Each structure stands twice: as C-alpha cells, then as structure tokens.
Amino acid sequence: MSEALAGYGLVKKYGSATALAGVDVAVRARESLAIMGPSGSGKSTLLHVLAGVIRPDEGRVMLGEERIDRLGENRLSALRRDRFGFVFQSGQLLPELPAEENVALPLMLSGSRRREAVIRARRWFGPLGLDGLERRRPGQLSGGQAQRVAIARALVVEPDVVFADEPTGALDQATGEEVIRLLTTVTGSLGAALVMVTHDAGVAAHCDRIVQVRDGLIAGRRQSAVAPTRNGAAS
Amino acid sequence: MNSIALTWKLARTGGRRGWQGQLLAAAAAAISVLILLLLLAVYLGAGTRGDHAAWRTPSPDPRGTAVQALSTTFVRGTPVTVVQLAQLPDRPATAPPPGLTDFSQPGEVYLSPALAALIRELPAGQLAGRFPRPASYHTIGRAGLASPDELIAVIGRTPADPAISSLPESDAGLGLTARAVVSGFARTAANPGSLFAFDQTGALMAVGLLVVPVLVLAAASGRLGAARREQRLAGLRLAGATPRQILAMTGAEAFAVGAAGAMAGAAAYGLLLPLVARVPYGVGAWYPGDLWVGPAYLIAMIVLIAGVIAVSAMSALRRVAMAPLGVARQADPQRTRTARLVVFLVAAGYIGVRASQGNLGIGGTLTLMLLCYGAYLTLGPWVVDRLGRIIGRFARRPAMLLAARRLSDDPRGAWRTVSGLVLAGFVAGFCSVAQLGAIGASYPGQVAVQVTPAEGGQTVEDLAAQARDRLRAAGLIATVQADPDDSLLWDSGIVAQITGGPAEIDTALTVLTGLVPGVAPYTQDLGNADITMTVRQLGQVGFAALLLGFLTAATSAGLTAAATVLDRRRTYRLLRLAGTPLALLNRARTWETAVPLVILAGGTTALGVFAATRLNSMVGTGQSTNAGRLAACVLVGAVAMFAAIGASRPLLRAVTADPVRADD
C-alpha cells in the first residue's frame, strides 16, 4: 500500500535552535502512527510540518503524489480544511455552537449547504456514542464527550489524514482510553491515516506504529505491541 | 503590599503587546472620564449660572426698600432681559445687585457686554431707542451674568415712573415679566427664570443618554486589559498563587491603569475647558469658571472609572482564576426572559395612550421619551436573543451562522456593544425630523401693544392712528388694527402687521416703545420664549448626545471586538490551523455587531422619526424630513462602528498567525 503522507529529510530551525534535524517519516492509509518524545524534542513541530502548518527549511512533505510543503497559504488552508482532520487537546469547539453545528462547520466551510452538512454531521453521533447530544453546546458536555465531538468534526470531511495533538491531554485515564480507542478505530474504518502526538505511552500503544523523537531526530521506531485490530472497512 | 509590588514588576515586564493593551485600556478610561466630567460640568455649571441669573426675578418683601421690575424684549428674535430698579423714598438704601457697582440711579443704564456691543452695532432706531439714553452706559460685571452672551439691561427709575408702575406683577407663569417691592438681590433662587428653566433638565437628559454607554466603555476597557493579562496570570497560578491573590493583583493593575488613563482624561477636561466654554447652550456660551467641577468631583470621577475598570477586569478574569486548567467552561447560555417583552409592551401601550391624548406639555413629552428609552433598554437583549435564534435558524453561510449563535449565546454582551448607537439612533431620528421650532403661537410679522382700561383718555383707535404715524415716520410698511380678531393680543390693544424681516420688526418694537407710557410692545417671541429656548436646548443636547454617543459607542465596540479576539484566541487559532479562512472569522465578527446594529439602531432611528412626525402633526406643523442630516448621522455612525471593529483585524491575524504556539 502506498503512503498516504510522508516527510523526507525534514529540517526546521528556529534561530539557532534546531527543532527537526533531518527526519523521515511516513504513514499509510488506515495506519496509525504515534509520535512520542519528551518536551522540546520536536514532536509537535514534526506534526505541524506534516500538516502543512509550518514550512520545513529543508525536505519534502508528500500527500499521496502531491508535494505540499511549497504550496501557497490559501491552498494549504483549503488542503487542511478538506483533506486533513484535526483533534486538539481542548478549546477547538466553538462554545456557542451546538455539537452538531460544530461538526457540520468544516462541511459548510467547504461549500456544503447547511441542511446537508448537518445531516451528514449527525451520522457521526451514533458511531461515536454521542446519540442525543446533537443540540448540546460544548459547555454542556463532559470532557470525553467534547473530545468525541471534536473527533466527529475531524472526520466529517472524510479526510485522508487525521492529526491529533495530545487528544487525551485534558482527560482522565479511563476517558482517555475510551476516546483514543474510538479515534483509532473510526479513523481506520474511514480509510484515513492517523498521526498522533502524545507523551503518554499508554495512548501511543493504541497506534500501529510508534516513532520516538529526540533532539529533532527519530530515535526509535517500532510496531506497537498492542496494536488494535483494524477492521479495515472503508465507510 | 507584596502583591502590588509583584503586579508592578509583572506589568513592566509584560512586553510590547502588554503595553499596547494597557495603553488602549487607559485611552478608553480617559475618554470615559472626559465625557463624564463634561456632562457633570454642564449639569453643575447650569446650576451655578442659574444662581448668577437668579437676582433678576424680584423676590417680594412688603417691607422692602426698592421696586424691582423684570421685563423681556426681543432683538433679532433673541431675548433681552430688562431689569428696572427704583429706590423707594424714606427707606434705607438698597445694596446694588450682583455685577453692579452701585444701585442704579434714575436715568442710569447698565448693560451686559454683549448687549453693549449689540447696541453699538445696530442702528439706535432698532434697539437703543427702547431704553433711556444716558451720556454713557455702565457695564454689568461678571457676578451678575450667567453667560458672556447674555443680553441684559438694568435701568434706574423713580418709583412713580410708569415704565415701572404700569408693569404687571406677573405674567401668569411665563416668568418673563414681574414686579415687586424687594429688599435686596442676594439669593440663589430655586427658579432662575424661564430662560434657564431647561438648563439642568437638558443636562440631565444628556447624562441619562450617555452615562450607560460611557460605563460600558470603561467596562470594555477592563475586559480588554484582563484578556491581555490572562496568560501571565495563568502562569502565576501554576506557580502557586491563590485565586484571591491573582484577583487582587488584577484589580490593582487594572485600577492603576484605569486611574492613569482617567487622570489623563481629567487633564484633557481641564485643557479643553476654555474651548468647551465657547459651545453655546441655552442663553449662550459659558464662563469657564462655571464649568469647573472642582477637585472633589474630579477625584470622584477618576476613582469611579478606575473602579469600574478594576471590577470589570476582575470579573472577566474570575473564570480563568477559578477554573483549574484555564479552560473556560461555559454553562448554559444566558436566557433572556419574555418578561422583558411584557414590560416593553406595557410601557409602549402606556406611551401610546398618553401620546394620543395630546396636550402633554414639555414635561410630559420628556417623561414619555425617557420611558421610551427605558423600554428599549429593557427590550434590547431580548430582541438580540430572538434575532440570533431566527437568523440562526435560517442562516446558510457559516459566517452568518456563527454570528447568529454568538448573538443568542450572549445577548446582553451584544446589546451592550450596540446600545449606545441604538440610543443615538433614536436621538438622530427624532432631532432631524421634529419641527419643534414651530411649536407655539405663530403670528409672524405682528407687533402688539397691550392697552389696559386704566390707560383711559385715549381710545384704542386713537392709539392705532398714532402707531401708524410713528411707523410711517420710521419708514416702515405696516397695517395697524385696533382689537383685531385673531392676533397676538391677549386682551385689548393694537396690532401692527409689519412687512419686512427682523430689522423691520426691531425698528417697529423700538418706535412703538413709549406709545403707551410704560407698556412695552411685543412679538410672538415673547409668548414662545420658553418653548423656543427649550427646543433650542433639546437640539443642542440631542446633537451633543449624538456626537459623544457615536464616540463612545464606536470606541467600546472596537474595544469589545479586540477583547473578544483575545478571549477566544485559542479557539480562533485552532480554527485557523484546521483550515478556517481568516476572512470568514472576520466576517462573522462583523456580522455579530452589524446585525443587531442595523436592526436595532435602524429600528430606533425609525422610531425617532415616527415620534417626531407624530409630534409635528400634533402641533399642526408640516413634515420636513431632514433626510440629509439623518443620512449623514447614520452613515457616520456605521462607518465609525465598522472602522472600530475592523481595527481588531490585525489583532486577530496576529494572535492566530503562529498556530504552533504553546497553549495559553
């Protein structure tokens, strides 16, 4: 299977500090990749470079056959909207929008009609265990529920790649486990790749592969010991 | 003390952005204090100058020492207050009135500087001839004057002079004519005379219109500062500061910034005082000293505004200081109660019933106007909430949907942002259409001389003939009638219909003076004097409220927009990172102010226009939509508002530009 997303020889410097010192990394469709590392290791920079948020100083980022690290800002913005999904630690949901409209927002941004966008958004509530919460606002949801809404929003555009940045950072362990299991299985069932930054080994263990980043370099790669079974069925 | 020292240290190390935020907050505090001080100055100044004017109305004392007679004549339509004084024989000498060096002796004339200038400027046949003409005039000093523009003459007489003795003792409440035996002039009257009747009321109206928008502005500046501070304080909290300490530090810093800005505003008030004093209000411009509020009020205003800013900053920060992870958990959105609608409908019903009854008088009309404002203030948040829900149901574009949801999420906040302009819209709508100047009796070109039966000997017809001779001699074209059917006359007398403009009217007033000894001829200006003055002041108050309302509303809309960007920078940044176009966020932010602004301010402007047309038809004058001025007001208001909101675009760009910044 070809790579959904790949970075080759990625270098990124901030002034004299080197965040990435030549990193090669790739993830296939349906595959999940955890990026681990201590604070300041460059793992977040790596995620942002792969997601087209930051331009690398050297190296290439390939989304399928397309080189994306030299695209213009508007083009990249559209790419992030339509072909990537993002799940962050917290604060990504608009507090005044009901859950279903938060999920529908990316579709509306891409030009879908509102009615259609909301109908498509609602389909994600069942599989993510959010039935009955469609009209709740983020403030009325628990932390785990809010993260599942965020996952629905990341997946609703049926992206090629989902990026998750410490998605369980604000949750207790049991809730975090639950959220991460949903994130990996649902992403996989959609046929998308998952790239996740975490410092939690327990969370990383749910991914197919783990890379360790240290001082801007890949310090280790391994298959996850407890990689979950992926059913592989594209939705 | 410790936390204050720490606060200062943190404020100094806050960096360039920190200072910019402080500067903005301070500027808003300065504007707030400046406007409040100006309002207070006009209110207090109106009282002070009323005291300066009080001596002209006689205060009866049967055992008094002199006769004082007040009358009013008009030149070019402007009232001239005439005070005639006569020392009673065999009584102790009377102390001179304020502003006069001596008690005026028979034949002496004291003039206010403005009247003296006018007498030099106009031909004697138009003005000077109405008064005795001594070899030289004395000047009334500042102590006896309410305004440098006032037209006043003080004339010395003998008690038997018909100019005094034939004047009526009162004019049925009009307050422009009065006669009494007095013992002196030292008084601070509750009623300074009908030309000043609306001075303080008008100032109070301006206060009522502007005080809420000004406090909203101060509060917005507090919020802005708090959003700037949040990041540093979140760090402090992690370092172990208690929420109480953080609140104290925030309060101290916001108070200090607010007080610094407020002091600058107070200084600006001091510097602008001579300029502001030149702005006419009522009888004319001000003596700068009358507009000086004194150090106690100055300090009180500074403390008030700094306090509002500090409280607003602390309440804005409370969430952050209390929530463990700095995540603002929003509870259920505020709901506005339908009770607001009920209150509004009751008030509107009452207003409708009262207005349809007519005969409200100035006081009644004002009360109703204030009730209108109150009703609107009550209704505003409810309307914003409904607007948000309705638009939220039908919105198709994401920017509109975001704006609608914001409106129903925090209707009170959205209302606060636009309430200033909504009120200003009402004033603009009302003032640009109301033909208030035409209220009252309308007998243009008529000059009347009242003849009471006591003037026996001559018939009214004889007097009419004499009047014709006098007018012809003065070169005027006039028709003189004795006891005409529909005229200015309240009683018996003659009426001359003058052909020509103000100069001819003034000539007629002058030549007919003394036709009947001691009886002053008058025009429609006399009966309308109090209404004309009130209307003029309403216009001045309306215009000032409009101008200052725009200033505060636009400033606070801009500050609120900036504070909102800072409050929500994390969400905005993550949205942008996920590919949301910046333009969309800006569009949504503009909509969320524009929608309530257009609908509510547009609504109140229309209401103002409607109220004014009703008033016009009630008093039977024609409708004149001063469309140009209204359009200009609306345009200026809208441009100012959107410029203010647009000013936070670079801020949004800046806070979202670096999506990879660590959480703050």
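**View 1. A salt bridge between Asp409(B) and Arg137(A), across the two chains.** In this predicted model, the side chains of Asp409(B) and Arg137(A) come together with N and O 3.3 Å apart. That counts as a salt bridge, meaning a side-chain nitrogen of Lys or Arg within 4 Å of a carboxyl oxygen of Asp or Glu. Side chains of opposite charge can pair when their charged atoms come close. The interface of chain B and chain A has two salt bridges by this rule.

**View 2. The interface of chain B and chain A.** Here 32 residues of chain B are in contact with 32 residues of chain A, where contact means heavy atoms within 4.5 Å. Together the chains bury about 2,800 Å², with 57% of it on carbon and sulfur atoms; that is the accessible area (1.4 Å probe) that two parts lose on being put together, summed over both.

**View 3. Gln537(B), a residue of helix α14.** Look in helix α14 (residues 524-567) of chain B to find Gln537(B). Is Gln537(B) buried or exposed? Gln537(B) counts as buried because its relative accessibility is 0%, and the cut-offs are under 20% relative accessible area for buried, over 50% for exposed and partly exposed in between (1.4 Å probe, protein chains only). Leaving out residues up to four places away in sequence, Gln537(B) touches Phe198(B), Asp199(B), Tyr281(B) and Gly282(B).

**View 4. The largest nonpolar core.** A nonpolar core is a set of buried Ala, Val, Leu, Ile, Met, Phe, Trp, Tyr and Cys residues joined through side-chain atoms within 4.5 Å. The largest one has 76 residues, and Val87(A), Trp124(A), Leu128(A) and Leu183(A) have the most contacts inside it. Helix α9(B) gives the most to this core, eight residues. Not counting residues up to four places away in sequence, Trp124(A) touches Ala152(A), Leu155(A), Val156(A), Val186(A) and Leu190(A).

**View 5. Helix α13 of chain B and its cover.** Several residues of α13 (residues 502-512) are buried, including Ile505(B), Ala508(B), Leu509(B) and Leu512(B). Among the elements covering them are β1 (66-75), β7 (446-450), α12 (460-473) and β9 (493-498) of chain B.

**View 6. Salt bridges inside each chain.** In chain A, Glu101(A) pairs with Arg135(A) in a salt bridge, its closest N and O atoms 3.7 Å apart. Glu101(A) sits in helix α3 (residues 99-109) and Arg135(A) in the loop between α4 (114-122) and α5 (143-155), so the pair ties together parts 34 residues apart in sequence. Over in chain B, Glu150(B) and Arg56(B) form a salt bridge with their closest N and O atoms 2.6 Å apart. Those two residues are 94 residues apart in the chain, and both are buried.

**Reading the views.** Residues are numbered from 1 along each chain as its sequence is written, and chains are lettered from A and ligands numbered from 1 in the order in which they are written. Local features need pLDDT of at least 70 and side-chain atom pairs count only at pLDDT 80 or more, while totals for chains, interfaces and linings use all residues; side-chain values use heavy atoms, with hydrogens and water left out.

Conventions
Helices (H or I, at least four residues) and strands (E, at least two) are DSSP runs, numbered from the N terminus.
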